[in-house]
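Look over the structure first, then read on.

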Amino acid sequence: MLFQIMVTTNKSTQGSSSPRKAKEHLSDGCRQRFPTSEPHPSNPEVLSPFPGWKGGVVLCTLAAVAVCIVNIVSTVWAVATHHANGGFTSLYTGSCATTAKMSFWIHLVINILSTTLLSASNYTMQVISSPTRQEVDSAHRRSKWLDIGIPSFRNLLWIKKIRVFLWAILAVSSIPLHLLYNSAIFQSLSANDYDYIVVQPNFLGPIPAADRYTGRDSTQVEALHEAAINGTLAKYDPKACMTAYASNYVSKVRSVLLVTENPSSYFGNGGVLWVRTWDPHYQIPYSWICGDFNPNPYVSSAPSAPCTLQTALNNADTWGYGSNLYAYCLVEVVPEQCSIEFSLVIMLIVIAANTTKVVVMVIVFLKFRAPTLVTLGYAVASFLNDPDPTTAGMCMSTKKDVFKAGQDLSTYPAKPWFPKRHFWFNAVSIKRWLTCNILCLSAIGISIWYLLEGFWQLDIKSLPILYSLGFGTVNSLSVITSINTGGLISTALFANIPQAILSFLYVLYNGLFSCYLGAHEWSDFAYHRKPLRVTDPKGEQLSTRYLQLPYQYALPLMALSGTLHWLMSQSLFLAFVTVRDADGNIDSNTSLSKVGYSCIAIFCSIIIAGFALLVAFLIGFCRYPAGMPLVGNCSAVISAACHAVPQDTNASLKPLKWGAVDGGTGVGHCCFSSLEVREPVEGRLYAGLNLTEG
């Protein structure tokens, strides 16, 4: 969402020494590196049957309808063509590598759809929260101000309750999309229940009936004895055996015979020395590869060093049971049975949220008839046509002046003009700027911490190893086992918390750059005479569907947001672990929902998000030109600049420029005007009380 600042080209500037002539739009090449406006063509939108924001809402509604159709058709296809069991449908069962590739592309499509839907929703929410002129006047009479042209929570306190209600519905309906959409289709990891059995070499030959093993899991032991004699078990050396089982869940192997080097003097139980069954509830279910057979090393009653694969490999030469060292392992190799699962319950929730958004968008299009100040141009036109008396005499006011607590707009004093070049971050409140950057930095910091934990858990020591693990690939090594999230829905909610955080950051940075670009659009009127950009054009005004972010910014914003959402879906995701017993049947008692993670996806997310944060931070230190007070999308400042001289009739319909409109030596006045204007005189007082009263 942050790379929107690097897309368009802007008008060239001139060079001179004075603030007005110099046109110091951006220092240090900021204007060339970070272009800030979109050229105005010959206005083809005027011919549209739905000009302005109405046309934008129509496009948003069509996009939401298209996404809803895709969701419904996909659900009908999944249920009609595949067997459903308990609300789940298996779309594919087979190789884990194949399921990983399928999941990769499926979630890419899901995130394209969700990004489209959420962007359409955000656009409509901004339209809803844009105030009418009556609401702005009401706020000004109470010495308050509203936001113009940006997503705003402030405005919700002043707009009509029905609009607040519709805004809230769109906001609430986004929650299931953030927290569940990416888990509607997920990978299922096949985990095999297995026995690890220590046997003497004698076990591999004929055993008299009187000496056969009769203890726990005797049926499984007998089956492995027959398989060993028949040669259907794979022979692994100790290190290969350790590697095959060094994970909480195994999918390619099942039970294993740990064969000792030399026959023991004891030959009871048919040569069987030890029999244990894998238990997914152990802290380290594979601790037996370290020879300590302590599955719970973290409990205070049995403290010991935790078992890791590297620890086991370092001691492979002494690996054994007591004094009996292992010569090799005989492993039961089985085909993988990973799958792509479809959750009907989650998808129905998503479709309900999707449908709700469509209904609200249709209501906004059909029922919203009162003109709202959705753009700076529309606000300027409204205040020029009907000046607001509460802001008369404030023509040099800035956003900072109006932000002062308790400032009575009606008693605002005349103010001398001293040109000042503000930083871009001055166009937003310090609270908004700090919230955006601190929250983003915190999210990146948490991601780095989890990445380092994953590096340690998976023993990642190089980028090739990191890349080999794959994007969003569910395997037994990359499953979070330390957190018990409960059932499927709760696990899906936990796995998608980063999606909600990312969406919130999208809204914050959308507002941040809307403020940046709004202030630039405003300051440009000090140097260029141009028509107003409105949603319902008249005269020479320009029609527009975009609110504050031009398409050249909005589309890259969507692309970057979608990319990060997809990376998040591959970084932390729902992983359903299907446990199969010794016969290959699903064991519903031990099958469970887990949160899987992908270190390479987390790594890529950190790189992209970190670079985006750096760009957003640095761009805030670019400067606006010094030719006009800073607006900051503040309705009071916009109103104060729109008290035109009496002879400037129908000014809003013509190309405008901001500047001084009187030539005296007393208190002067600056405003938007279709007439000739001059550069304000440095140090002179400006207010315009006499002009606005006349």
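Two strands pair if DSSP finds at least two bridges between them. The model discussed here is predicted.

Q: In which sense do strand β4 and β6 pair, parallel or antiparallel?
A: Strand β4 covers residues 195–199. Val199 stands opposite Val259 in β6. Four bridges join β4 and β6, and the sense is parallel.

Q: How many of the eight residues of strand β6 are buried?
A: Strand β6 spans residues 253–260. A residue is buried when its relative accessible area is under 20%. The strand is largely enclosed by the rest of the structure, because the buried count is eight of the eight.

Q: What span does helix α4 reach from its first C-alpha to its last?
A: Helix α4 has 34 residues, 96–129. At 1.5 Å a residue, 50 Å is expected. The helix comes close to that, with a span of 47 Å.

Q: Which residue caps the N-terminal end of α4?
A: Look for a side-chain oxygen by the backbone nitrogen of Ala97.

Q: Is Asp279 buried, partly exposed or exposed?
A: Asp279 lies in the loop between β7 (272–277) and α9 (309–314). Buried needs under 20% and exposed needs over 50%. At 23% relative accessibility, Asp279 is therefore partly exposed.

Q: What distance separates the C-alpha atoms of Asp279 and Tyr249?
A: Along the chain, Asp279 and Tyr249 are 30 residues apart. Tyr249 is also one of the residues in an aromatic cluster, along with Trp278 and Tyr326. Between the C-alpha atoms of Asp279 and Tyr249, the separation is 9.8 Å.

Q: What kind of aromatic pair do Phe423 and Phe425 form?
A: The whole structure holds 26 aromatic pairs. In the pair of Phe423 and Phe425, the centres are 5.2 Å apart and the planes 10 degrees. Planes under 30 degrees apart count as stacked. The pair is stacked.

Q: Over the ring of which residue does the charged end of Lys235 sit?
A: Elsewhere, the charged end of Lys54 sits over the ring of Phe365, 5.1 Å from its centre. For Lys235, the distance to the ring centre is 4.2 Å, and the ring is that of Tyr328.

Key
Residues are numbered from 1 along each chain as its sequence is written. This is a predicted model: local features need pLDDT of at least 70, side-chain atom pairs count only at pLDDT 80 or more; totals for chains, interfaces and linings use all residues. Side-chain values use heavy atoms; hydrogens and water are left out. Helices (H or I, at least four residues) and strands (E, at least two) are DSSP runs, numbered from the N terminus. Buried means under 20% relative accessible area, exposed over 50%, partly exposed in between (1.4 Å probe, protein chains only). The expected span of a helix is 1.5 Å times one less than its number of residues. A polar contact is a pair of N or O atoms within 3.5 Å; within protein, one must be able to donate a hydrogen and the other to accept it, and residues adjacent in sequence count only if both atoms are side-chain atoms. Rings of Phe, Tyr and Trp (its six-membered ring) pair if their centres lie within 6.5 Å; planes under 30 degrees apart count as stacked, over 60 as edge-to-face and the rest as tilted. A charge sits over a ring if NZ of Lys or CZ of Arg is within 6 Å of the ring centre and within 35 degrees of the ring normal.
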